[in-house]
Amino acid sequence: MSTTPLFNRVALIGLGLLGSSLAHALKRQGLVKHIAGSARSQATRDKAMEIGFLDSVYETAAEAVADADLVVLCSPVGTYGDIARAMRPGLKKGVIVTDVGSVKAAVIRDVLPELPGHAHLVPSHPVAGTENSGPESGFAELFDGRYCILTPTPGTNEKAVQAVTDMWARVGSIVELMDATHHDRVLAITSHLPHLIAYTIVGTASDLEEHLMKESAQNGDMVRTSEVIKFSAGGFRDFTRIAASDPIMWRDIFLNNREAVLELLGRFTEDLTALQRAIRWGEGDILEDWFTRTRAIRRGVVEMGQAGSFSAVEPKTGSGADRKS
Ligand code: NAP
């Protein structure tokens with residue numbers, strides 16, 4: 001793989017898991033001469049410089065983007081509109097702006113109107129992540145062999161699309177282009193709904209446990225602590241890992257992909273009701289057919305090399321690497 005720099009100066013706004021991983025990967029490949037960064041808190045900015053994945057750090061986005069050829073928004077999607085507005089005065093002519101946000105139509109809605117006419121917006125979503133957050137959680141291999149979906153609007157400057165495609169390909173991703181609304185529907189089912197289900201199951205289990213413990217205490221029985229944790233084998237343990245994902249990031253994903261998530265949640269609820277009915281009426285053939293079909297889907301995921309760790313497969317990095325959001 002070539003290591004010729006693609007950009008002179010890149011600015012990363014947000015220095016958590018995604019921002020720091022991209023910085024590590026860009027440095028690993030020698031793709032950028034200078035990486036500038038900015039984050040909300042002084043603590044994160046200091047930590048980024050201490051770890052050493054930035055060449056310079058700034059308090060504001062407007063300062064960080066000065067003279068940058070490429071700006072990458074790496075904060076929660078709910079912050080993008082304000083950040084785009086704040087950085088506008090600092091953007092140089094012909095700058096390319098991209099992002100790593102897990103939803104795409106809302107990014108175009110919020111960011112495009114805030115950019116000057118000379119800037120090129122090429123939204124992107126690396127479908128790669130872990131449940132960890134912050135500047136210490138990043139690692140250069142995060143994007144290796146993972147998909148990165150670009151959702152440029154019709155008429156976007158082709159050179160800008162190519163430059164963003166090249167960057168993601170050279171940090172290890174498999175790049176695909178897609179319409180933003182289509183992206184949001186696909187990710188609603190493959191990522192957003194599974195996270196919502198994990199948040200629900202873990203919350204419900206915790207409420208149930210509290211209830212059972214109260215009941216045992218009232219009956220004078222021995223109070224057993226934390227059976228949910230003690231017996232969290234297999235499936236539930238995987239759900240707890242997913243449900244540990246960053247609350248702000250996931251709040252913003254659900255609020256910014258509301259329609260697709262609600263539509264698919266309706267279909268999911270219908271299917272759940274059908275399975276509930278099959279269990280109630282002892283319709284084992286329905287259950288068996290359903291589970292056989294889903295087992296084949298899992299095989300397909302493994303065969304495409306996208307299995308990650310939402311299963312018995314352990315993450316390559318030991319940091320919970322997984323296909324996410
Ligand atoms: P993270 O580790 O929590 O980092 C978020 C970063 O954004 C932090 O450096 C934070 O600064 C900064 N930030 C928050 N509000 C800001 C603001 N108003 N101005 C400037 N910086 C701000 O989050 P992440 O996991 O990297 O996620 C970032 C983005 O990647 C999200 O849009 C998410 O949808 C997307 N994504 C995440 C994953 C995943 O698995 N995590 C996967 C694919 C895409 P402080 O530390 O100072 O608060």
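How many positive and negative side chains does the protein have, and how far apart do the centres of the two sets lie? There are 34 positive side chains (Lys and Arg) and 40 negative ones (Asp and Glu), with His and the chain ends not counted. The centres of the two sets lie 3 Å apart, where the place of a charge is taken as NZ of Lys, CZ of Arg, CG of Asp or CD of Glu.

The model is a predicted one, in which local features need pLDDT of at least 70 and side-chain atom pairs count only at pLDDT 80 or more, while totals for chains, interfaces and linings use all residues. Residues are numbered from 1 along each chain as its sequence is written, and side-chain values use heavy atoms, leaving out hydrogens and water.

Turning to overall shape, the C-alpha atoms fill a box of roughly 70 × 40 × 35 Å along the principal axes. Of the 325 residues, 45% count as buried, meaning under 20% relative accessible area with a 1.4 Å probe, protein chains only.

The fold contains 12 helices and 9 strands, which are DSSP runs (H or I, at least four residues, for helices; E, at least two, for strands) numbered from the N terminus. Among contacts (heavy atoms within 4.5 Å) with a separation of 6 or more, 75% come from residues 24 or more positions apart.

An automatic or database domain assignment gives domain 1 (7-178) and domain 2 (183-280). Their C-alpha centres lie 31 Å apart. To the contact between them, domain 1 brings 17 residues and domain 2 brings 14 residues.

How values were computed. Buried < 20%, exposed > 50% of the residue type's maximum accessible area, 1.4 Å probe, protein only.
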